[in-house]
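I opened my notebook to record a few look-ups. Here is what I went through, entry by entry.

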Amino acid sequence: MSTIAYYSNKPELYPTYDGNDLGYTYSKDSTTFKVWAPSAKQVLLKLYSTGSFYEKDATVLGIKQMLFDPQTGVWSLTVKGDLNKTFYTYVVQTEKGVNETNDVYSKAVGVNSARSMVLDFNETNPQGWEDDKHIFVDKPTDAIVWEVHVRDFSSSDSSGVSKVNRGTYLAFTEEDTVIPCSNYPTCMNYLKTLGITHVQLNPVFDFGSINEVTGVEYNWGYDPVNYNVPEGSYSSDPYHGEVRIREFKEMVKSLHKNGIGVIMDVVYNHVYSTADSPFEKTVPGYYFRMQDGRYLNSSGCGNVTASDKVMFRKFMIDSLKYWAEEYHIDGFRFDLMCCHDIETMNIIREELDKIDKRILMYGEPWTANDAENGISGEDCCNKANAKKLSDRIGMFNDDMRHGIKGRNDDDSKGYIQGSTHSAYNIIAGSMGASSTTFGNWANAPSQCVTYASAHDNLTLWDKILKSNWCNDYFTTDELYLSQNKLSAALVLISLGMPFILAGEEFARTKLGDHNSYRSPDNVNSIDWCRTVAYEGLLEYYKGLIKIRRAFSPLRDSTTKAVNDTYIVYNGRIISITGVNDKENEFKYFSLIVNNSDTPAPIEIKSQFELPKKWKIIADSKKAGLTSLGDYEENMQIPARCAMILVDEESYNKINQK
Ligand code: CA
């Protein structure tokens, strides 16, 4: 029964359990409930006919005494009969009082998470689910991640999605949507043409900040209630627990059908409400890191969970495996990963590897408050400790992000706005933070998530405008567009795993709102009309993605490409030249970036012998796999331009086919 290796040698307060049957095990004949509650004096199972506080006819179907196993701390009970769609809670009596609570291991719930629900999961599978397959890339550096919020994706009129599906999981199943009265693709129809490999969804587990009855508020959802249940407000019916599950699977199926993998943003580092949390109600004081009776707060949300304790670690592992297996999730992005200990993250990697080694794992290598983390600085997942983690646990490279655009929310400038101080961070980042010369907090580029913007903070466009003292979010001024393009080239033509916020490629604006977690739809929703207004920028991103996919060394997950790459840097101009031994691809490749207001000489150098003749495939206007002209000796790179050159010989060979 035990499949999980525990290496933690910290003393545990209670007996622990390593079975894989916590929660319930359903069959048509009977259902067995198991809950770990070692400090409880008594646990009652309470069965209900409905899942909502709001339904007046809610009937208690029965209250049953559970049986305790002191060896494992588990209370269990088998109830005869078909309990499909029966709701339940546990009434847990401890020294600290009596709590009625959801199941920590809930797999389905009623509206607003009032009660847990027994479900026959065979009924939750949409048609064709048995043929749905994971979408994996061979290595993290092959992924190109696009981060989007379920509601933002389709909530605007411009999405062209049917009114009933806007802002929901099912919007992802509409495959031929266009901006109304046009031919411009939106949503899934748009994603098919973009070239990204994965979407990363902002929280889609059940969170607490939206009233699922009204569903009118907006929230990003970083406030977990039930980790193993899909959020109800994105479904067409939050009351019947099976509906959100089926619709979530429909979303995954549609993305997979179109060749796009699904990454979940998981927020195991804190819960919505400490007192109301099933963790706290079931085993008071166990699941969180505490000091002198006080909850520690490295999560910034009033509590930080204790990944270093056996049963929370086990919960994380069970939960992640459950999403990967039941919902076919292809990767996980860990919120405030530095709240978790290194040992736990490495064990998670080993456990997910048993399902598939290609499941992506990466996270934020910081906390909200290091002083309140409750584990030693040597044990937490920050960049300084990256080398203690698996090569396949990535971290967002905030050094590169700062280098590209300056600080997140103020008017400071980075390299793209002409700063002369930040090129070093960019060079180190473009080498996947794995270069012994320029800086190597990572083991290899597979560990380095390269990005300029994410859901937090100003959008890239808003940041560019702010640092240029411009308030016109609809401007198409070439200066700002050129700065955005420089960022695109630095993110997409780097070693590492590129990541972009949805709409970064068409100058998405949140009207200067730097923390839009509960701002209204008119701030957050994607305005698909911008794909038309900023078509040139969008095409530039698409072209860079094509280039990335055409030159294998950019996607090398090892340090070989780092060692083969030659960098020239003169204070303003960065020149990065790589070689390729893969057949039928460009053999030599050079990215030259000029962030100054004046043209500058081009310098291409390598430790390898270089060809004389080059083709230009990207300049300040266009990027792609088609020649924009020949490189000529003593040619200059224009102001604010990212230029990409490939050797003429292999270019001609590829284009003769
Ligand atoms: Ca919810």
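I start with a definition: domain bounds come from an automatic or database domain assignment. I also note that this is a predicted model.

**Entry: domains**

I looked up the domain assignment of the chain. It gives domain 1 as 23–121 and domain 2 as 564–656. Next I asked how far apart their centres are. Taken over C-alpha atoms, the centres of domain 1 and domain 2 are separated by 64 Å.

**Entry: calcium ion**

Which residues coordinate the calcium ion? I found D206 (OD), F207 (O), E212 (OE) and E231 (OE). Their distances run from 2.2 to 2.4 Å. I then wrote down the spacing of these donor residues in sequence, which is D-F-x4-E-x18-E.

Is D206 buried or exposed? D206 counts as buried because its relative accessibility is 0%. I checked F207 as well. F207 has 1% relative accessibility, so F207 counts as buried too. The cut-off I needed here is that buried means under 20% relative accessible area.

**Entry: E350**

I looked for E350 and found it in helix α6, residues 342–353. Its relative accessible area is 38%, so E350 is partly exposed. Partly exposed sits between the buried cut-off of under 20% and the exposed cut-off of over 50%.

I reminded myself how a helix pair is reported. Two packed helices are described by the angle between their axes and the distance between the axes.

My pair was helix α9 (residues 460–467) and helix α10 (residues 478–492). Their axes come within 10 Å and cross at roughly 130 degrees.

Which residues meet? From α9 I listed L460, W461, I464 and L465. From α10 I listed Y480, L481, Q483, N484 and S487.

**Entry: α7**

How many of the eight residues of helix α7 are buried? I got six, so I wrote down α7 (residues 398–405) as mostly covered. The buried residues are D398, M400, R401, G403, I404 and K405.

What covers the buried residues of α7? The cover includes the strands β19 (394–396) and β20 (448–451). It also includes α8 (423–430). Both helices of my previous entry, α9 and α10, are among the covering elements as well.

Technical notes
Residues numbered from 1 in each chain as written. Predicted model: local features only at pLDDT ≥ 70, side-chain atom pairs only at ≥ 80, totals over all residues. Heavy atoms only, no water. Donors = N, O, S within 2.8 Å, 3.2 Å for Na, K, Ca; no water. Buried < 20%, exposed > 50% of the residue type's maximum accessible area, 1.4 Å probe, protein only. Helix = DSSP H or I, 4+ residues; strand = E, 2+ residues; numbered from the N terminus. Axes fitted to C-alpha atoms, helices over the stretch in contact; angles between N-to-C directions. Contact = heavy atoms within 4.5 Å.
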